[in-house]
Amino acid sequence: MNRVPVPTADPMPLPGPVWLMMTLLLVTFLLHLLAMNLSVGGTAIALLCTLRRKSDAFAGRLAADLLRVLPVSLAFTITLGVAALLFVQVLYGNLLYASSILIGAFWIAVIPALVLAYYATYYSNAHPGRSGALWLALGLLLGIGFVYVNNFTLMMAPQRWLAMYRESAAGLHLNWSEPTLIPRYLHFMLSAFAIAGLIVFAAGVWTRSTEYGQWLLTQGSQWFVAPTVLNYVVGMWFLMALPKNVLLDLFTGNLLGAALIGLGLLLPLAAIMHIVLAAKTEKTLLHARLGVAATLLTLVVMVGLRQLVRNAYVSPFVHLSELSVSSQWSVIALFLILFVAGLATVYAMLRPLAAKPADAVASRAAAGD
């Protein structure tokens, strides 16, 4: 008999079928992940380039380009993160609220930390030659990521809650006893740097006819390949740190889990190969498209695999199929319409923003800069 104390699920019925809520969770989390990767990895690259600006003029130019983008990407990170968090609360609210209480002081601190990091990116954009605010922004973003990994791993371990609460109810716990905590965190942060490097690489592909574009192409490919290779080691560490019952659930009789793990191993290799070929051969555009496509598919696979791992962790405590549902299709339809319209609006807003660096490069080239 299961004697682990777990809060009962919210008695209010779900506003839509479980499969729809889960789909919206995965989609919004994927979009949040893309924005987060650019924000965290882009801040790291901007800092690195700021420190190199005196010895490398292109590094200073890239730092300035990234600093114009970071406040926007961080705003999208926050907005899309709220959307994903809401769907987590809809499906796993009884787990998330309990774990959030245990790390409450750190969880609440995320809000002022985000505000301060947001301001730091604006300050850095206004003072591109200074690195202090960038150090602060990067440290805060890395710390916020660590808090989130703590909460979402603790959410999946109700068997630890009672002992932690009896030890202290001050909300100062972190989930140090979780064996996957460090590899999971490193996996996310390395991915952030790699995806930001890929975005720099894509900017280089776009402006490859210029000297600056060629520099972006080379640097971006290196910043993508190195952390991606390192992530193989971290990924294996993470996989081996999973509890035996979770590993058995993924590998035994679970064709989807086995397929996703296989794709998760093969797709990054394909991405690395095509990004290297794009930087070294004349078929830059073809290999760049294939490399970016393989990377995006890798993210989709990883999001799906992450959910399967979560399912295996919480299956003894939560059965989503048992949640009551009272579908509100008119509200769901309105949400989907506004969601698609919002994505279209964001795309329309980002096109001019993305065009500015290319125009600036072209104008500098024409002026002989």
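Author: Helix α6 passes helix α7 in a left-handed crossing, where left-handed means that the near helix is turned anticlockwise from the far one by less than a right angle, and right-handed means clockwise. Keep in mind that this is a predicted model: local features need pLDDT of at least 70, side-chain atom pairs count only at pLDDT 80 or more, and totals for chains, interfaces and linings use all residues. Residues are numbered from 1 along each chain as its sequence is written, and side-chain values use heavy atoms, leaving out hydrogens and water.

Reader: At what angle do α6 and α7 cross?
Author: Roughly 160°, and the axes of α6 (residues 181–206) and α7 (residues 211–241) come within 7 Å. Therefore α6 is roughly antiparallel to α7 (under 35 degrees is roughly parallel, over 145 roughly antiparallel, 65 to 115 roughly perpendicular, the rest oblique). Axes here are lines fitted to C-alpha atoms over the stretch in contact, with angles from 0 to 180 degrees between N-to-C directions.

Reader: Switching over, how do α8 and α10 pack?
Author: α8 (residues 244–251) and α10 (residues 284–314) pack at about 125°, with axes 9 Å apart. So α8 is oblique to α10, and α8 passes α10 in a right-handed crossing.

Reader: Which residues of α8 and α10 make the contact?
Author: From α8, N245, V246, D249 and L250; from α10, L305, L308, V309, A312 and Y313. Contact means heavy atoms within 4.5 Å.

Reader: And L247, buried or exposed?
Author: L247 counts as buried because its relative accessibility is 17%, and buried means under 20% relative accessible area, exposed over 50%, partly exposed in between (1.4 Å probe, protein chains only). L247 is in α8 and touches L239 and L242, not counting residues up to four places away in sequence.

Reader: New topic: how many residues of α1 are buried?
Author: 24 of its 34 residues, so α1 is mostly covered. Beyond neighbours within four places in sequence, A46 is in contact with A63, L66, L67, L70 and L134.

Reader: How far apart are the end C-alpha atoms of α1?
Author: They are 49 Å apart, which agrees with the 50 Å that the 34 residues (18–51) should span at 1.5 Å a residue. The expected span is 1.5 Å times one less than the number of residues.

Note on methods:
Helix = DSSP H or I, 4+ residues; strand = E, 2+ residues; numbered from the N terminus.
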